[in-house]
Every structure is written in structure tokens, then in C-alpha cells.
Amino acid sequence: MTGYLQVISVAGGMLRLPHPLDPNARASLIFLTDGGPVLGKAEMLDPVSRTQQAFRFVALDRNNRRNLQLAIQSHLNQSSDEDRWIAKYRSAIIHRAPSQSGALKIVLGSVALGILVLISAASFFHFELLK
């Protein structure tokens, strides 16, 4: 029977199957992982739903156990890399330099204020000279 592996650990896991197998039934499981293929004997546990059934490994030789452990470790390292990337991104956002547009607004505002002061001074002196 073909099924889908939903959860895996070194002790067992969860399968999605077209229909559940009898509890306590023994089955040979084979699946591919990043660590290599895993072939083991499993005991089916009570179904969780009409399509989900837990199992526990009852026989898993050293090479298959190593492949399974490598796959689990690879997944844990991948999550760890993602967590480090997220932390680095958050840190960059918090500690980023002030934006250039904010500094540009201050400079342009200062120039505009200076021009306004010059025009006001010129107007004042112009009217003073007319008197």
C-alpha cells in the first residue's frame, strides 16, 4: 500500500493512508530522506482518523537508523539556519542607519528657511530705504 509520511522520529511516526491498517499489524516501511533511504519494520498503532495512522519502529538496522537520524538532523539544522537568518534580518531593521530621505528633507527645509529669511530681510531694507 502506498501512503504519505507526515511525521517521523527515531521511534516512529504518522502515515496518511487510503485506509488504516489493523492495529498491531506489522509492516515494512520504506521512504527516502536527505540522509538516504530508510527501510524498517513497523508496528501499526491505533488509527488517529480514517486516513491517519501512527506507527512505531520495531526493527531498524544501524544503517537505516543512521540515515533517519541524518535526515532529522538535517531538518533541525535547516530550521536553525532559518532562525538565524530571521534574527539577523530583525537586527538589521532595528539597527539600520537613518534614511537618506530624512536627511535630505532637513537640508531642503533649512535652505528654504534661509531663502525666506533673505527675502524678508531684503523686503524690510527695501521699504526702509523708500521712507
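Analyst: Let's start with Asn64, which is found in helix α1 (residues 62-94). Helices (H or I, at least four residues) and strands (E, at least two) are DSSP runs, numbered from the N terminus. This is a predicted model, where local features need pLDDT of at least 70, side-chain atom pairs count only at pLDDT 80 or more, and totals for chains, interfaces and linings use all residues. Residues are numbered from 1 along each chain as its sequence is written, and side-chain values use heavy atoms, leaving out hydrogens and water.

Asn64 counts as buried because its relative accessibility is 12%; buried means under 20% relative accessible area, exposed over 50%, and partly exposed in between (1.4 Å probe, protein chains only). Leaving aside residues up to four places away in sequence, Asn64 touches Pro37, Val38 and Leu39, where contact means heavy atoms within 4.5 Å.

Val38 takes us to strand β4, where Val38 stands opposite Phe31. Strands β3 (residues 26-33) and β4 (residues 36-47) pair in the antiparallel sense over eight bridges; pairing requires that DSSP finds at least two bridges between two strands. The hairpin of β3 and β4 has two residues between them.

On to the next strand: β4 also pairs with β5 (residues 52-59) in the antiparallel sense, over five bridges. Ala42 has Phe57 in β5 as its bridge partner, and a hairpin of four residues joins β4 to β5.

Finally, the side chains of Arg56 and Glu43 meet in a salt bridge (2.5 Å, N to O), defined as a side-chain nitrogen of Lys or Arg within 4 Å of a carboxyl oxygen of Asp or Glu. Arg56 lies in β5 and Glu43 in β4, so the pair ties together parts that are 13 residues apart in sequence.
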